[in-house]
Amino acid sequence: MARMLMKGNYAAVYGAAMAGCTAYYGYPITPASEVAESAAALFPKLGRTFVQAESEVSAINMVYGAAGSGQRVMTGSSGPGISLKMEGISYCAGAALPCVIVDIMRGGPGLGNIGPEQSDYNQVVKGGGHGNYRNIVLAPNCCQEMCDYTMLAFELADKYRTPVFVLTDGVIGQMMESVTIPEPVKELPDKSDYAVFGTPLNKNLVNSIYIDHDDLEWWNMELLKKYQVIEENEVMFEEYMMDDAEIVVIGYGSVSRVLRTAVDNARANGVKLGLFRPITLFPFPGKEIAALPARGVKHILTVELSTGQMVDDVNLALSGVIKSDLYFRLGGNVPSADEITDKISELYGEVK
Amino acid sequence: MKKTVLRKPKGFIDVYKYKPGAEKDRTHYCPGCGHGILHKLIAEALEDLDLVDETILISPVGCSVFAYYYFDTGNFQAAHGRAPAVATAASRANPDKVVISYQGDGDLAAIGGNNILQAANRGENIAVFFVNNAIYGMTGGQMAPTTLEGQVTTTTPYGRNVDTDGYPIKMCEVLSQLTAPTYVERVSLHDAPHIRKARNAVRKALQNAKERKGFQFIEVLSSCPSGWKMDPVKSMEWIKEKMLPLYPLGVYRDKGEDAKITKRPVPVMEPAAVWEKLGISAEKDVDFPRGDVADEYKKMSIRVAGFGGQGIMVTGQALASVALEYGYNVSWLPSYGPEMRGGTANCSVNIQDGTIGAAEAVKPSMLLAMNRPSLEKFEGSVMPGGTLLYNSTLIDIKPERTDIKVFAVPITGIADDELGNIRVQSLVNIGAYAAITGMFRVEDVITLLPKLFKGRKQAIIDLNAKAVKAGFNYVKDNF
Ligand SMILES: Cc1ncc(C[n+]2csc(CCOP(=O)(O)OP(=O)(O)O)c2C)c(N)n1
Ligand code: SF4
Ligand SMILES: [Mg+2]
């Protein structure tokens, strides 16, 4: 009975619980509230900490405190709340603290609306807060992945001592699918070399200050090296019908599912359409995208629920060899598979 | 003759190793600064109460940002104003430790005003030392929320004007309005007798913290000769003459023996216990054997639509839940966007083997329309050759499409008239769906009902079972 029908937002919390996350600090916001609600439901059953913080600012600073105390800790939010967390995430990155942040993206800017968008891409994938730092960003596209990648997020966070985002949108957060709950982790990593426990042996210091200029330059270089190792080792992506693809659509999260249907429809009409889906957004699968033209791909269409945030990374990777076109919907609207194939016909004149 | 040996209290680190530069034996504070005095009172108390190895101290942003240079405790440096949030988490993670939040007035009463208020209101098991020096020392003497009326600072060059800048905030008075705090006192460091009183307050707060007695708050009127642009002696006089009248010293809250002892649960981590507590059984999921399903019903993309309150979402979820038990991949997506308004609701369900693509049933292979607006809205979207199941009790028009299979079933009528409970419409739907597609067996659905409607009374479960049968039989008998 490890198989259950549940929302993506719930699945993330099950993943966290199985990963040995012992504390959840959050503040409600649609469409991410169920992340907090499910933590409020599950964590007390496990004697673990759930606190509804007074704001996202507080929540992320509680995360900083818990991570510095050696806990696996998580928070969740959406657009406006993620914006508020940025200073605290920068502190976590600066103090090299592992934590997991689930972002169920909604429409912006401002209060925007509660429909699905992917407009937090830039603030989440590029760092977002002040200073030279990056977050590892995982982009699940189904409820099982919400569970599995949240679990993975904790592993990566500890492996690199860095904040990790699980980035998705309201569609994946609020839809239900069958989720098989993975087995709980048996062992948690030893953090006694940096965590503060308030014991004689662990009089550690959690800190992001380097007053001396040379010291701070050194620390930034250390972080940079860490990000390079992450880029070397942790890239994840998925390909669908790519072997003979001449046209490729690129999209992540809920969009990638619509693209998959579009690929099926196009293939039924004999069009050699393939799907390339980044799973990690940082590290971005740039090398793999750069290799597409040499694999016979003639056209690339990036599809986003934002006005062209990820496409910048796609085009940076392609470095002008060919240029990705862009199609997007906004404000909570989601493209249909037909919209995608229509756009492909319009651009490349090959699809019925 | 009694000999006094002057030595550093053990609460301080012997050599300030975290402090950059050569001067590892002295603090960074200005001469005559109150921070130094308060540090010493805390360090002595930590030693005397045997807490040096039991304490976590949070340094704020402000002149005491480097408090961690000095205290021989576990140390955090927190973002501006957020020390109470960091302390909250450190305390929850280490419930048997003493957690100190050390903060200035800008940090605590301005940018972190809500953080301290809420931590106090939660009764977090922490000791807060609040340095009220009526100024932003670190950033060069700007106005603090505690700056006095008329006081000149770099951002109140004509003196604090209460009409535009507000009044000095009295944190002890504010926090003692809350129910949770255990101990709230204001002390001053302007002369030896008052320092002795401050010493006692610091000790009491830390003793309480050691006994896990919840939220302790000590406000300390403290000098900032540099920010005030006065020499240390004049600074002490200024506290006495200007600050004391506005900030009365004394105990604002002391629960004494009534203080609650903070208790925190021990996390369950052992894998088998985790699953057990969450009701996840380790037994393998066994699928129901599938019946004969016609090819056209093997890959279902279903739109369920109707009024809010007709059990639209429940119908969709029940379809997905039951299909799951036959080992299908399933998805359920509630409607987004404008359709949510105006009382209509719809959801999309996919049931198939293999990976499900788009979750929204834009071109459904089956439409389940529970009211007329839904039929009008979605009839055109049904895939050619697809299926329409509609609620003929409420829909008085005939569908226009001739290229789809149509099943008119009086869903509401069966639920309301035949079974006497309009709330079982979803189950009538499931029964009708089972009959049309052959995907579910009625017995299987009935076996699942207790799981689908966990915690419901047996009578309701029985009624639901009847509803499934009624929907099924209607389709079997009429089509
Ligand atoms: C988010 C943020 N805003 C502003 C600052 C700049 N800043 C540093 S210390 C400080 C004021 C501190 O004053 P107070 O808390 O009274 O401490 P004091 O130096 O007087 O002890 C400010 C505004 C900062 N570090 N971070
Ligand atoms: S500026 Fe004021 S508060 Fe800061 S160290 Fe100097 S005297 Fe103390
Ligand atoms: Mg101050």
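**The ligand sites and their surroundings**

Mentor: The residues around ligand 2 are B:Tyr29, B:Cys30, B:Cys33, B:His35, B:Cys63, B:Asn133, B:Gly137, B:Cys224, B:Pro225 and B:Ser226, where being near a molecule or strand requires a heavy atom within 4 Å of it. This is a predicted model, in which local features need pLDDT of at least 70 and side-chain atom pairs pLDDT 80 or more, while totals for chains, interfaces and linings use all residues. Residues are numbered from 1 along each chain as its sequence is written, chains are lettered from A and ligands numbered from 1 in the order in which they are written, and side-chain values use heavy atoms, without hydrogens and water.

Trainee: How many charged residues does the shell around ligand 2 have?

Mentor: The classes are as follows: Ala, Val, Leu, Ile, Met, Phe, Trp, Tyr, Cys and Pro count as nonpolar, Asp, Glu, Lys and Arg as charged, and the others, Gly among them, as polar. The shell around ligand 2 has six nonpolar and four polar residues, and the number of charged residues is none.

Trainee: Which residues coordinate the magnesium ion (ligand 3)?

Mentor: Donors are N, O and S atoms within 2.8 Å of the metal (3.2 Å for Na, K and Ca), and water is not among the atoms, so sites may look incomplete. The donors follow the spacing D-x27-N-x1-I along the chain. At 2.1 Å, the ion is coordinated by B:Asp105 (OD), B:Asn133 (OD1) and B:Ile135 (O).

Trainee: Is B:Ile135 buried or exposed?

Mentor: Buried means under 20% relative accessible area, exposed over 50%, and partly exposed in between (1.4 Å probe, protein chains only). B:Asn133, at 6% relative accessibility, counts as buried. B:Ile135 has a relative accessible area of 2%, and is therefore buried.

Trainee: Which chains contribute residues around ligand 1?

Mentor: Ligand 1 is surrounded by 17 residues, and the closest are B:His35, B:Cys63, B:Asp105, B:Asp107 and B:Gly137. By class, the shell divides into six nonpolar, eight polar and three charged residues. The site is shared between chains, because the surrounding residues come from chains A and B.

Trainee: What share of the accessible area of ligand 1 does the protein cover?

Mentor: A polar side-chain atom of B:Asp105 lies 2.3 Å from an oxygen atom of ligand 1. Backbone N or O atoms of B:Gly106 and of B:Met138 each lie 2.9 Å from an oxygen atom of ligand 1. Of the 590 Å² of accessible area (Shrake-Rupley method, 1.4 Å probe) that ligand 1 has on its own, the protein covers 76%.

Trainee: Which helix gives the most to the shell around ligand 1?

Mentor: Helices (H or I, at least four residues) and strands (E, at least two) are DSSP runs, numbered from the N terminus. With four residues in the shell, the helix that gives the most is α4 (residues 105–111) of chain B.

Trainee: Which side chain does B:Thr146 join in a polar contact?

Mentor: B:Thr146 is in the loop between β4 (127–132) and α6 (162–165) of chain B, and at 0% relative accessibility this residue counts as buried. A polar contact is a pair of N or O atoms within 3.5 Å; within protein, one must be able to donate a hydrogen and the other to accept it, and residues adjacent in sequence count only if both atoms are side-chain atoms. At 3.4 Å, the side chain of B:Thr146 is joined to that of B:Asn132.
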